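Subject: Structure handover

Hello,

My notes follow below it.

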Amino acid sequence: MASSSSTEISSSDVLVEAHDRSELDEEQQQQQQQRDEKEEILLRFPDIPHIRIPDRSSESSSNSAWSSAFHARSHSTTPRSRQGSPRSSPVFRDFGFGSNHGSPSLPTRFSNSHRSNSNLNNPWSVFKVVFGFFSNQKQQQQQQQQQQRGKRKTGRVWYRKKRIRGLVIVIALIGFFFLMNWWMLSRLQDDSGLSPKAGFLNVNSSSVMGKWSKFAKGKRPQRIIFSRMLALAAHALAEGEKKPEPKDLWEEPLIPASAWIPCAEERNWEPCDGHNGYIIVSANGGMNQQRVAVCNAVTLARLLNSTLVVPKFLFSSVWTDVSQFSDIYQEEHFINYLKPDIRVVKELPVELQSLDLEAIGSVVTDADIMKEAKPSFYLKHILPILLQNRVVHLVGFGNRLAFDPIPFDLQRLRCRCNFHALRFVPKIQETGALLLKRLRQHKLHWGPLDHYLVGPFAADSSMDGKLDHHAKKSRYLALHLRFEIDMAAHSMCEFGGGEEEREELEAYRAIHFPALTHLMKTTKLPSAAVLRSEGQCPLTPEEAVLMLAALGFKRKTRVYLAGAHIYGGKSRLAALTNLYPNLVTKENLLSSSEIEPFMNFSSQLAALDFIGCAASDAFAMTDSGSQLSSLVTGYRIYFGGGRMPTIRPNKRRLASIFMKNSTIEWREFEERVRKAVRQSKQVQERPVARSIYRHPRCEECMCNITATD
């Protein structure tokens, strides 16, 4: 067998295997000797208590797997040391316990082979047995200590795992909280709105009871924006019922504002005969754009020493109104008042009526004239046509005359036309006077502008029943909410209606503003988000009502809403009507029979809004670029005597405030809005190149009495 294995196993491996076999035989003999020793000790020393020594045979069997693994390693072709086998302590060996040092094998802690056959009858054997017991006890204590250290280590690992698990649970709870918060806010913003029926406040308490419902225009849902801020505004209005309003809310800076008085009626020239020819003007747009075009045409007629034919108004697909000059303004007053300035006729002479103006090159469109062209342009390009053909037709004439540089007297003529030459027809004046009385709740109070707006009807106290002479003065706020569909479409902004809203506004632009649609397709224009951040978008009804609440107008304030059909319908006005339930319009102040003559005539309806806004105790606009807002503002400055405050918000500043609507607190919002509006109330002269119709505080239109003193 040795010869056969010599080809596969080295000599050292053979010795190790033989040693292992002899070691196994020795262990069996030693176990038998141990049992004999126990019996002998009990017989020789009966007084010694019985000490039970654990039998290691069970441990040997339990560790058979380890032994087999060890032997498998010992049979490896690679020589291996036996360091992996635990040995008895060197201390025991030094005291002579355990195997002989010359023995080829050293006893392990898993065997009881440390006793010799020659010492069976030795008296020291008892001591060795007892000492072996205590040594076993010490080994057991060491094992217990190791187990305790293992338990402590396991406990620390368990504690770490528990701490990590707790941290994960806390993070998950926080994330769940934010998720639910986001979901609730999104539900409020996307699916709900202010209920126009329920209202925000309980009449029996000051608590806020805002009820949210869907906004809709027909079947199309409207997305609610600023839901959080609207709730804060409702709460602020409820708390502010017993607080006084801000002092400057219904006032202008009186001293500097009252220093300017009207003086555009003063003339320093001779009348012109208009012998250079005739100017025909066809003005486009609505009533307010047409008003600007008329005054520019009057100024141009004086510049070119020509005769002005009473202006005509073009039919607009947006306004769909066939009204002409004489349907809105008093034609005779216009002609007679301007006689010292220019010659005005109702129509062309007979000999010129048959001319084909387009064939002879006398038709000039707004595309041929740059916006706000200087007087030199007209002297160079229009006057030669006028001298040659004796007539020129300006089609689509609007803001085609610059505000600067203009000679002093021509600028004053502009003011004279706007503030004195254009008076509404009696039909509009009478209904306008009725509107003002109902806005003032039938109380005897006439404003400084009433005479210029409604003429003789301002003094007619017999209209609409009896007036209450002893009643307290009733104030009202006029709000021009420029949020019609044409404004929304032309602004290129978005207003929370999603994809359906974008498609609707694009379709409207394609029909009514084809040039803008072409520009949007061929040119990279600013996005809707950029336009809003820059303050280029008209204020929505939600933004407008937040502005009014922040300024301090109480919930019971009577608000006159001017404008045509609001984009989004009544549902879009729900926020405004809930926060300010005393909101009225000309449609619900006038009876159907009273307003019926003006129906289907948007320019005449706009004239009623002009009267209602200009005569108000305070006027708030949402878009300073609106012609109605500009003309009303100028009218209040010119005739108001410093007592007609106008709220002109800086939309860029407001945009930066509204962009923080999800985080800003009401107190901060209120302070920032008031600061932005307060700066717009400063009394200043007309800036260069700015509209004289909106900024009449200049020496051409008004006189500063403090400067003359």
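Is lysine 586 buried or exposed? Lysine 586 has 2% relative accessibility, so the residue counts as buried. Buried here means under 20% relative accessible area, exposed means over 50%, and partly exposed lies in between (1.4 Å probe, protein chains only).

Before the rest, some notes on the basis. This is a predicted model, in which local features need pLDDT of at least 70 and side-chain atom pairs count only at pLDDT 80 or more, while totals for chains, interfaces and linings use all residues. Residues are numbered from 1 along each chain as its sequence is written, and side-chain values use heavy atoms, with hydrogens and water left out.

Salt bridges

Side chains of opposite charge can pair when their charged atoms come close. A salt bridge is taken as a side-chain nitrogen of Lys or Arg within 4 Å of a carboxyl oxygen of Asp or Glu. By this rule there are 22 salt bridges.

One of them links lysine 586 to glutamate 587, with 3.5 Å between the closest N and O atoms. Glutamate 587, at 42% relative accessibility, counts as partly exposed.

Another salt bridge joins arginine 502 and glutamate 494, at 3.3 Å from N to O. Arginine 502 is partly exposed at 30% relative accessibility, and glutamate 494 is partly exposed at 34%.

In a further case, the side chains of arginine 674 and glutamate 670 meet at 3.6 Å, N to O. Both residues sit in helix H29 (residues 666-680), four residues apart, which is about one turn of the helix. Helices (H or I, at least four residues) and strands (E, at least two) are DSSP runs, numbered from the N terminus. Arginine 674 is partly exposed, with 25% relative accessibility, whereas glutamate 670 is buried at 17%.

Glycine 563

Where is glycine 563 placed? Glycine 563 lies in the loop between strand E11 (558-562) and helix H22 (569-572). Its relative accessibility is 17%, so glycine 563 counts as buried. Leaving out residues up to four places away in sequence, glycine 563 touches His480, Glu484, Lys586 and Asp609; contact means heavy atoms within 4.5 Å. Histidine 480 is 83 residues from glycine 563 along the chain, and their C-alpha atoms are separated by 6.1 Å.

Strand E13 and its partners

Strand E13 (residues 618-621) is covered on both faces: Ala618 and Ala620 are buried on one side, and Phe619 and Met621 are buried on the other. Two strands pair if DSSP finds at least two bridges between them. Strand E10 (residues 476-480) runs parallel to E13 and is joined to it by four bridges. In this pairing, alanine 478 stands opposite phenylalanine 619. E13 also pairs with strand E14 (residues 646-647), in the parallel sense and over two bridges. There, threonine 646 is the bridge partner of phenylalanine 619.

E13, helix H27 (residues 627-639) and E14 form a right-handed β-α-β unit. Right-handed means that, with the strands pointing away from the viewer, the path from the first strand over the helix to the second runs clockwise.

Serine 491

Serine 491 belongs to helix H17 (residues 485-491) and is buried, at 12% relative accessibility. Apart from neighbours within four places in sequence, serine 491 is in contact with Leu531 and Pro538.

Regards
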